[in-house]
Amino acid sequence: MKYELELDDTCLSILKRYRHPRIRTPFAELDGEDTPSSPAGLEYGKAYEVYGKSNEGKTAILLRIIASLTLAKQYGGDEKRAIYVDFDGTFTPFRLLEVVEKEIQAYLRREYGGERGRGEGRTGADISNEVVAALDRVTYYSCADVDEAVDVLQQIQRSVDAKRSPLLLLDGISQFFWACHARVTMAGQPVNQGSSGYSRLLGCVKDILRSNWCAVVYTRAPVLQWEDTNGAVGKRKTPLGSSWSYLPHRSVNAPSLLAGFDSM
């Protein structure tokens with residue numbers, strides 16, 4: 001097998017990364033090409049980016065990935081755990097419930113056809129029980145500010161239980177970038193007081209990736225420019241910082257991923 005090496009890779013980190021099977025998602029463009037030397041799917045220790053404007057389906061993509069990962073194998077899933085960290089307040093459990101139910105019904109239609117909920121003698125109670133089980137495999141965190149986000153990621157990194165989850169999803173990682181860089185002085189000049197907080201947040205992501213216990217999928221908004229109170233436009237910045245060029249391993253546009261899928 002051909003190994004892809006990072007600048008600071010060690011033999012141990014390579015073995016940890018490649019001993020795990022890839023995590024397949026419903027989105028072929030995110031999974032990458034399937035070749036004999038490099039199978040398709042999300043790789044442990046790598047970050048994958050889904051970017052797009054507001055209401056272009058970034059959260060919907062994450063929810064569909066969660067459903068595919070957490071559903072039981074008898075319903076076309078992987079029956080594994082996931083961790084979802086909400087940075088911009090777009091997540092609701094009812095929305096995930098709806099997505100999981102749709103994934104089950106879509107699987108039954110593909111495999112067995114016929115009426116809703118029928119297939120291999122499955123009853124409505126069987127399906128309801130699997131929906132509950134799938135939701136129970138998702139650990140959810142919500143962060144109100146960058147300091148809370150850092151605390152959550154540090155808690156996840158320290159948790160032995162969290163490492164049973166092969167996938168960490170970070171929804172709206174650029175949310176706190178703009179909050180950190182929008183502060184101005186009394187004279188209207190921008191200051192960098194918040195940038196250290198965002199750097200700590202990215203440092204936590206980097207630590208998690210180096211541990212190689214999961215793959216990371218994050219969403220972000222398009223790159224913008226800040227403007228101070230005097231109307232001066234600042235230097236163009238990326239939400240992950242210029243020193244984070246190794247992130248992500250793969251970057252895809254949300255509308256292109258959703259092309260060909262039914263809207264949620």
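1. A word on terms to start: contact here means heavy atoms within 4.5 Å. Please keep in mind that this is a predicted model.

2. Let's take Leu169 as the way in. Beyond its neighbours within four places in sequence, Leu169 is in contact with Leu62, Ile65, Ile66, Ala82, Ile83, Tyr84, Val85 and Val217.

3. Leu169 also stands out in the largest nonpolar core, which has 37 residues: together with Leu30 and Leu167, Leu169 touches the most other members. Elements giving two or more residues to this core include the strands β1 (47-51), β2 (82-86), β4 (167-171) and β5 (215-220), as well as the helices α3 (58-70) and α4 (93-112). The most comes from α3, with 7 residues. A separate core of 29 residues lies apart from this one, with Phe87, Ala149, Cys204 and Val216 among its members.

4. Now for the aromatic side. There are 3 aromatic pairs in the structure. For Tyr84 and Phe91, the ring centres are 4.7 Å apart and the planes meet at 40°, so this pair is tilted. Tyr84 is buried, at a relative accessible area of 0%, and Phe91 is buried too, at 11%.

5. What makes the pair of Phe91 and Tyr140 stacked? Their planes are at 25°, with centres 4.6 Å apart, and planes under 30 degrees apart count as stacked. Phe91 sits in the loop between β2 and α4, while Tyr140 belongs to strand β3 (residues 138-142), so the pair ties together parts 49 residues apart in sequence. Tyr140 is partly exposed, with a relative accessible area of 36%.

6. To put the rings together: Tyr84, Phe91 and Tyr140 are linked by ring pairs into a cluster.

Notes. Residues are numbered from 1 along each chain as its sequence is written. This is a predicted model: local features need pLDDT of at least 70, side-chain atom pairs count only at pLDDT 80 or more; totals for chains, interfaces and linings use all residues. Side-chain values use heavy atoms; hydrogens and water are left out. A nonpolar core is a set of buried Ala, Val, Leu, Ile, Met, Phe, Trp, Tyr and Cys residues joined through side-chain atoms within 4.5 Å. Buried means under 20% relative accessible area, exposed over 50%, partly exposed in between (1.4 Å probe, protein chains only). Helices (H or I, at least four residues) and strands (E, at least two) are DSSP runs, numbered from the N terminus. Rings of Phe, Tyr and Trp (its six-membered ring) pair if their centres lie within 6.5 Å; planes under 30 degrees apart count as stacked, over 60 as edge-to-face and the rest as tilted.
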